[in-house]
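Here are my notes on this model. Please keep the sequence and the 3D view open as you read.

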Amino acid sequence: MAHIPDGILTLPVLVGGAAVAATGVGLALRRIDDRAIPRIAILSAVFFAASLVSIPVGPSSVHLLLAGLMGIILGPGVFPAVLVALILQAVLFGFGGLTTLGVNTVNIALPGALTGLVLGPFIRRASSPLRAGAIAAVGAAFCTFATGGLVALSLWLASSDFTPVARILLLTYLPLAIAEAAVTATVIAFLTRVQPQALLPQNTAPAE
Amino acid sequence: MTIPADLRLRIGLALALPALLTTVHGFAPAFTALVAMLLLHVGSRQPFPWKRLLHLEGFLLLLFVTLPFTMPGTPLLTLGPLTASIEGAWRAATLAAKVSASVLLLAHLFAATDPLHLGNALRALHVPEPLVRLFVTVTRQLGVVRAEFARLQDAMRARAFHPRSNRHTWRSYGNLMGMLLVRALERADRVEEAMRLRGYSGRFPRTALMAPTVADWAVTAALVGATLLLLLWDKA
């Protein structure tokens, strides 16, 4: 849904996206302990596998991005996790491209990181699993539209010919936002009930 | 051989050629690039990547369909109040050719590549070590996680679950993913402990790669040169 392929954007947009993505990934990696890497990697593999399922919404079907959920669970680790997943998708399945890696990473990971940063504390402190799920649903919907907005922005910056499409692009993200909100709410409610410590981004190794 | 055997050079090409191609404006050069990529594929013995080529993101479809109608220019056909312009149609065709050529190039460069080898090549290209370690671990664990996912989905299907557009479906998928996350976290702890038991100190051992051969450099230079010629033709 948010994979811009090679050949659409202009060089300044590609370079700008790569610079922002490199900053995000760099900042995240500096805060992540060496021993937390397996945790981030395995969770990234889960999100990758989950994004391959096609979920029916109305007459269409969508593949989830789960950026909001990743932001809540991984914290800033969402940047390297998304980057790695996008490299694999480009190489294994041909979704997206390598020159657009930076732009696509920012479009997906930045809203996710913000959601985790802003809503994460409220979700962890929520009085009931249902409430935690409701907050997460709002975050997931915001995240999806923010990604849509960033994709529109990337297209608009690339060429004025794309302006009409960029204007109506957000509408096409409505089915995805519905599915993201519903699934994310359930996952967060489930984790709050079953394993609340899973919602804590652990950038350092688990305590001995 | 039409592509270099060395993975580092292939990664370089996968970045450089689409980056050059993205600046092409004319239809003829873009179409030539597409034909060249098709010829590359015919020359190789790999199966043709139809699925990759026909996979279109929703917004791309929107872009290709609306561009002829939103760009001003000489009218081509009229549908009620809408008029499609020749300029818009050419623009859409050029973009489609560039996107398709890039997709074919990536498919050709990495068709038979083991992602683990890719990790080694990335490290040799001075990609930060933790990032490469993350990439390699995701690649290794992906098979395990997908198998677990498939098992859980089989279990749902055995209980007559059929995905529809309703809250029950979304909630079922949410519970499925939550369960998968819980198991993944436990697995992560086990993997981390197992790695430490085997003396893992935060670095994977890596083997130095051999320098690319002269033939590899020659093929790479030829491909970059051909793309630069295309660019010159486009600007002329």
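1. Chain A has eight helices and two strands. These are DSSP runs, numbered from the N terminus: helices are H or I of at least four residues, strands E of at least two. Along the sequence the order is α-α-β-β-α-α-α-α-α-α.

2. This is a predicted model: local features need pLDDT of at least 70, side-chain atom pairs count only at pLDDT 80 or more, and totals for chains, interfaces and linings use all residues. Residues are numbered from 1 along each chain as its sequence is written, chains are lettered from A and ligands numbered from 1 in the order written, and side-chain values use heavy atoms, without hydrogens and water.

3. Of the 208 residues of chain A, 63% count as buried (under 20% relative accessible area, 1.4 Å probe, protein chains only). The C-alpha atoms fill a box of roughly 55 × 40 × 30 Å along the principal axes.

4. Look at α3(A), residues 67–74. Eight of its eight residues are buried, including A:Leu69, A:Met70 and A:Ile72. They pack against α2, α4, α5, α6 and α8 of chain A, together with α8 of chain B. A:Gly75 follows α3(A), with a positive phi near 65°.

5. Helices α1(A), residues 11–31, and α5(A), residues 101–125, pack at about 55°, their axes 7 Å apart. Axes are lines fitted to C-alpha atoms over the stretch in contact, and angles run from 0 to 180 degrees between N-to-C directions. The contact (heavy atoms within 4.5 Å) includes A:Gly17 and A:Ala21 of α1(A) and A:Gly102 and A:Val106 of α5(A).

Methods: Buried means under 20% relative accessible area, exposed over 50%, partly exposed in between (1.4 Å probe, protein chains only).
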